[in-house]
Amino acid sequence: MRIPMKSAFARTFLFFTVAICLTSHAPAKAQIPSRPAPQAPVVVEPQPVINPTNTPLLAVAAPMPAPAPTTPRKPAYNSCNVESNTVAMTFDDGPHPKLTPRLLDILKERGIKATFFVIGKCVAEYPDIAKRIVAEGHEIANHTWNHPQLPKLSPTAFAAEITQTNDAIQQATGILPVTMRPPYGAINAGITKRLNEEYGLSVILWSVDPQDWKIRKSDHVSSHIIKNAAPGAIILAHDIHASTIDAMPAALDALQAKGYKFATVSELIAMDRPAAPKATP
Ligand code: NI
């Protein structure tokens, strides 16, 4: 840009004025995140400065355009309608100090990404395991602070369960969750609406349930998963039971041998397509 100036002093004065102006309008640095978010990183490329009218450039380049809209999320999911043989493995109620790291090793050996619906108070106790979940490419998601039945809570207690858990996850990992699973699958329309609209959380239920919390036999857990998996399935399991972790190598190997791919819940949702219209007679 060309700015006619009578003296070196005037140029210097203008330079410092612009510098101070830009600095004072710079956004505040985020306080919470302790590491860069590996999920959906936003890369801001430097933009060429175009100034056809040759007006003074006192402002930074125009804001980036919003990303292209993706398929709008539904309020809640039991499964997704996908074209490929893809499923989402989900693990609830951790992190567990011994079993979650063991599960993470099993997933890593197979290159499988999963989703962990974590309990807020366990994240506060084991933040390093929450960090590892995120560092290894898995999705971390909200499963409340204390595992209550949400429909039984007052609005204030409900808000505390969700907010404290989001805060603990964000403090440990830098990630703000976009999915949540209500404990026991206990949910209603009003709670779903609050979770969607106030917290930006999609409600994730499941379509395959090996009842691993009740039947603590790894053979049962693995065979139930292998038998019931289908494209778009959301598979429920709990990484706080040794029998569940023991079941995983056989279950995951069998699904991979059948040609299944594994996605996080948010990845599966991104593949979701509207169901085909019913054929008219
Ligand atoms: Ni649970």
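Tutor: Let us begin with burial: a residue is buried under 20% relative accessible area, exposed over 50% and partly exposed in between, using a 1.4 Å probe and protein chains only. This is a predicted model, in which local features need pLDDT of at least 70 and side-chain atom pairs count only at pLDDT 80 or more, while totals for chains, interfaces and linings use all residues. Residues are numbered from 1 along each chain as its sequence is written, and side-chain values use heavy atoms, with hydrogens and water left out.

Student: Is Ile112 buried or exposed?

Tutor: Ile112 is buried, because its relative accessible area is 2%. Ile112 sits in the loop between α2 and β3; helices (H or I, at least four residues) and strands (E, at least two) are DSSP runs numbered from the N terminus.

Student: What is Ile112 in contact with?

Tutor: Beyond its neighbours within four places in sequence, Ile112 is in contact (heavy atoms within 4.5 Å) with Leu107, His138, Leu252, Gln256 and Phe262.

Student: Moving on, which residues coordinate the nickel ion?

Tutor: Asp93 (OD), His143 (NE2) and His147 (NE2) coordinate the nickel ion at 2.0 to 2.1 Å. Donors are N, O and S atoms within 2.8 Å of the metal (3.2 Å for Na, K and Ca), and water is not among the atoms, so sites may look incomplete. Along the sequence, the donor residues follow the spacing D-x49-H-x3-H.

Student: Why does His143 count as buried?

Tutor: His143 counts as buried because its relative accessibility is 1%.

Student: And the strands: how do β3 and β4 pair?

Tutor: β3 and β4 are parallel, with four bridges between them; strands pair if DSSP finds at least two bridges between them. Thr115 stands opposite Glu139 in β4. Both faces of β4 (residues 139–142) are covered, with Glu139 and Ala141 buried on one side and Ile140 and Asn142 buried on the other.

Student: Where does Phe117 lie?

Tutor: Phe117 lies in β3, which spans residues 115–118, and Phe117 counts as buried because its relative accessibility is 0%. Its C-alpha atom is 7.3 Å from that of Gly94, 23 residues away along the chain.

Student: What about β7, and what does it pair with?

Tutor: β7 runs parallel to β2, joined by five bridges, and Asp92 stands opposite His238 in β7. Five of the five residues of β7 are buried, so β7 is largely enclosed by the rest of the structure. Ile234, Leu236 and His238 point one way, while Ile235 and Ala237 point the other way.

Student: How many residues does the largest nonpolar core have?

Tutor: The largest nonpolar core has 36 residues, and those with the most contacts inside it are Met89, Phe91, Phe116, Ile235 and Met248. Such a core is a set of buried Ala, Val, Leu, Ile, Met, Phe, Trp, Tyr and Cys residues joined through side-chain atoms within 4.5 Å. α8 gives the most to this core, with six residues.

Student: Finally, where does pLDDT stay under 50?

Tutor: The predictor's confidence in each residue, from 0 to 100, is its pLDDT. pLDDT stays under 50 over residues 1–7, which have five contacts beyond four places in sequence, and over residues 65–69, which have zero such contacts. Where pLDDT is low, the predicted coordinates should not be read in detail. The chain averages a pLDDT of 84, and 74% of the residues score at least 70.
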